[in-house]
Structure formats: structure tokens, C-alpha cells
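Student: I have a new structure to look at. Could you walk me through how to read it?

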Amino acid sequence: MDIDMQTHSGHGEVDDDGKEKRTGTVWTAAAHIITAVIGSGVLSLAWAMAQLGWVAGPVILLLFAAITYYTCCLLSDCYRVGDPATGKRNYTYTEAVESYLGGGYVFFCGVCQYANMFGTGIGYTITASASAASILKSNCFHWHGHEADCTQNTSAYIVAFGVVQVIFSQLPNFHELWWLSVIAAVMSFSYATIAVGLALGQTISGPTGKTTLYGTQVGVDVADATQKTWLTFQALGNIAFAYSYTIILIEIQDTLRSPPAENKTMRQASILGVATTTAFYLMCGCLGYSAFGNGAPGNILAGFYEPYWLVDFANVCIVLHLVGGFQVFLQPLFAVVEAGVADRWPGSKQEHGSVNVFRLVWRTLFVALITLGAVLLPFFNSILGILGSIAFWPLTVFFPVEMYIRQREIPRFSGTWLALQTLSFFCFIITVAAGAASVQGVRDSLKTYVPFQTRS
């Protein structure tokens, strides 16, 4: 998820539930999906394609797109409890889980969501810091030549990003500023489009790297078959991360006018959104792979240094996008924790000279913890792989499947039930493999990494 949802619009009119009149259409919903999906995950697709090759790479990308579209359709039927056209609305993903499943499922959903939020905070910090370092690196290469030592220490940039986020995290309702969503959408489209354009340019004019049908080659690009296997599964996690948007699908659906029934409109919006995103991802992954070959960098923009001003602009777009995106993602978590604490200890809401001491201390410590995590583990593809694993099976597949079974009252061990559970189990295996491979990637990287000393 890369943007905030500004959910309701209208002119004083209200819907049947007392909320402002919903005016969303299939086009606005598709636009929300596209801008929510296309984000920092797109940067890793060339690397993922290099691990998988020309045969498996595009097929797996299309497979993830198909699974995401299918489970989004299941989830869209769960927006209302009971009748999909007239039943009681659910306003958030968690509310839908509570309505249909309840109990321990809600707790598990909360754990997955908050782990994903915390991990995404680390992922955003790493990506933004690497992009800030890349600006200085490309300028250095431009002015001093490609033989110069232009390596950067990203730890300092991570700390600087953390300081900025500590300040922004104290601003009340910062994540609700409407222009933040607009900036996030414009920035993410800008850097993703520049990445595609640069890859296309290099593919046409050269030099290009060596590509193969099956990706990186044992003994040439990777040391042995074990490393090849780990990297292949890590690539699956990176692709899964690029498609993780189901968590905001209910909020998008809650913007739609009816009739027609919201679930029907949402199905149309999902096919438009996922098809557009997948076409873009295929361009980025395939052109990036054709440009760099099996040696594709983990972040596609890290492989380009000229024209330096365009590369700089793309990296500035990433930094601006993620500065706002960090708050969009974490402010809801702040709100939940502070509401829970206020219920238990009403005194925590007191302000001293317009400063809420609890909020100041807790938010600062939380951002500091994320910053520390990023300093200790600044490994772009491994962290993206872990995030993709956390979000993919539980949030994209498991809960939508279980809610749909409960909503449609599908009998256990019937053909439909078995098909849905088989899909869920298949995706669970992918999640476990991608998660394990990404953790292994972190372990390998830690063997040669020293915080504040290692330069890249």
C-alpha cells in the first residue's frame, strides 16, 4: 500500500448508513488500485526476473496477478455481511474479518497487519536512504568518472530519514492531508516510468547484460545450486510484495456508489487495476532484465548513472514518496495504540503546554526502533521478500478465502471448498519458502555487513 485513502466525497448528501454520499465509480476505484499498487516494489522486479529467467519470470508474474485478482473478487463479496447488495457494510479489512470469522482470526489478522506495517516502515527507510545515497553516487560518477571511488555509507542516510520521520510523526492527522496522496501517486508513477524508460533506452542502445531462459546460472552468476534455490524463492517474495494491496481493498470499495452493487463494480475495477499494473510490471521487469541481464541490481535505478540529472530526479521522487508513505502507513498504527492506552489510562491524553508527552515519547521510540532495524538490516531485496511473505498468504489469500467460504456457507470437503483450500495451501507454501529464503538472504548479507562502516 503506497497511498492514503480519502474515502468519501459529496455535497452534504448522505447514504443509507449516515455517511457522506459515496460517488466512486469503476474508474476511480481502478485509479486507486493502480496508484496503491505501483510503488517501491516495482524497483526490485528486474532483479527478480534475473533470478527466474525468461521462462519462469513472466509466468510467475502473471500467476501472482491472477491469484491477486481472484482473491480480490472473493474479498469484494465480503464488503457487506449477508446479501452482497443490501447487507450491512464493513468499512475496513479488519471489520470484515471480525464480521465473518471473529475470535482468534481477528487477533491473527491484527498481528499480520501490524507486523506488515512495522516491516514496511523498515523497508521504506532502507529504500529512501539507498535512493538518497544514489543521488550523491551518480553525481560523483558524472563529475569524477566511473573509476572514482563513489561508494556511500547508507547508515547515515537511514538515521537522517529517521530524524525526519520523528518530526513528521508528531504532526496530528498528517496522514489525512489530501495532497499527500496526490504527491505519493505522482512520485511513484514518475520514478517507475523513468525506470522503464531508462531500461528501454539501454536495451536499444546497449551495453546489455547476458540473459538466459532460466535466469542466473550456477557457477557463473551464483556459487551453487543451493544459492540459486534461495534466490529464486526470494524473488517470489519480491514479486508478492509488489502486488500487496488487498489490505486496502475494502476501503476502496467503501467509496463506490450503488447501484450497481459495489462488489460488481469492484470486480471490474480489480481487472482494470491488476491488468494495468501487470502490464507495467512486465515492462519494468523484462526491460530491466534485458538491460542488465543476470547481473541486474536489486534496485533497478541503482544500475543507472546517466543521464545523471534524470537518475537524480527519479531518486528524489522515491525519497519524497516514501517520506509521506511512511506516515500514511504508520499513523493508523499510532492511532490504534494511543486509543487503546487512552482507554486504559485516561491521563495519557493530557497535554502539557500543547505537547502530549505520551505521544511524543512513544512515537519517537517507535520510529527510533524502525530506524535501528533499518541500520542493522539494510538489505533491500531480503527485506522486501520478508514483507511480501507476511502480506501474501495471510492477507491476500487466507482471510479472503475463509471469509468467502463463511459468507457463501460452502460445505466442508465439497468441490469448491477443496479447490479454495488447495489454493490457500499452495500460497502458504510459497509464503513459507519466500520467507525462509529472505531470512537466509539477511543471514548471508550480515556476514559482510558492519553498520556505519560498510560502503556500497
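**Burial and aromatic pairs**

Tutor: Let's start with burial: of the 456 residues in the protein chain, 56% are buried (under 20% relative accessible area; exposed is over 50%, partly exposed in between, with a 1.4 Å probe and protein chains only). This is a predicted model, where local features need pLDDT of at least 70 and side-chain atom pairs 80 or more, while totals for chains, interfaces and linings use all residues. Residues are numbered from 1 along each chain as its sequence is written, and side-chain values use heavy atoms, leaving out hydrogens and water.

Student: How do I read aromatic pairs, and how many are found in the whole structure?

Tutor: A pair of aromatic rings is described by the distance of the centres and the angle of the planes. Rings of Phe, Tyr and Trp (its six-membered ring) pair if their centres lie within 6.5 Å; planes under 30 degrees apart are stacked, over 60 edge-to-face, the rest tilted. Here the search finds 20 aromatic pairs. One of them is Y105 with F398, stacked at 6.2 Å centre to centre and 20° between the planes.

Student: Are Y105 and F398 buried or partly exposed?

Tutor: Y105 is partly exposed at 28% relative accessible area, whereas F398 is buried at 13%.

Student: Which residues do ring pairs link into a cluster?

Tutor: Y93, Y105, F108, W393, F398, F399 and F428.
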